[in-house]
Amino acid sequence: RTGAGNAAFSFEQPVAIPSYLLAIAAGQLEGRSIGPRSTAWSEPSMADAVAAEFGADTEGFLLAAEEITGEPYAWGTYDILCLPPSFPYGGMENPCLTFCTPTLLAGDRSL
């Protein structure tokens, strides 16, 4: 339903995946484009820092993987979600999205 503070979102995954690779992120999130096929997501207070940390290298990593494998990136988009500091785990990789810890935000792209 939409209206009165409600919103509806839809998602289409054109590449078949097993159910254990499905993950849902919910909360007050902001995204920053960090490349032609990537967005960095986080809480609004961290959005600029996350984009700065991952923006310079993400597309290069995708291009390198494509060169090594000789295949295009199958998932279409590759996004990064930097979790809030209260998330106690390191990270989780899923098709189209990597959940990562905010401890990777060094401020100098060294991690």
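These legends accompany close-up views of a predicted model.

**View 1. The β1–β2 hairpin.** Let's start with the strands: β1 (residues 30-35) and β2 (residues 38-42) run antiparallel and are joined by five bridges. A hairpin of two residues takes the chain from β1 to β2. To get your bearings, find Gly31, which stands opposite Trp41 in β2.

**View 2. Arg32 and Asp48, a link from strand to helix.** The structure holds four salt bridges, and one of them pairs Arg32 with Asp48, whose closest N and O atoms are 2.9 Å apart. Arg32 belongs to strand β1 and Asp48 to helix α1 (residues 47-55), so this pair ties together parts that are 16 residues apart in sequence. Arg32 is partly exposed, at 25% relative accessibility, while Asp48 is exposed, at 54%.

**View 3. Arg37 and Glu59.** Here the side chains of Arg37 and Glu59 form a salt bridge, 3.0 Å from N to O. Because Arg37 sits in the loop between β1 and β2 and Glu59 in helix α2 (residues 58-69), the contact ties together parts that are 22 residues apart in sequence. Glu59 is buried, with a relative accessible area of 17%, and Arg37 counts as buried at 18%.

**View 4. Arg37 and Glu66.** Arg37 also meets the side chain of Glu66 in a salt bridge, 2.8 Å from N to O. Glu66 lies in helix α2 and Arg37 in the loop between β1 and β2, so the pair ties together parts that are 29 residues apart in sequence. Both Glu66 and Arg37 are buried.

**View 5. A salt-bridge network.** Finally, look for Glu30, Arg32 and Asp48, which salt bridges with shared partners join into one network.

Definitions and conventions: Residues numbered from 1 in each chain as written. Predicted model: local features only at pLDDT ≥ 70, side-chain atom pairs only at ≥ 80, totals over all residues. Heavy atoms only, no water. Pairing = 2+ DSSP bridges. Helix = DSSP H or I, 4+ residues; strand = E, 2+ residues; numbered from the N terminus. Buried < 20%, exposed > 50% of the residue type's maximum accessible area, 1.4 Å probe, protein only.
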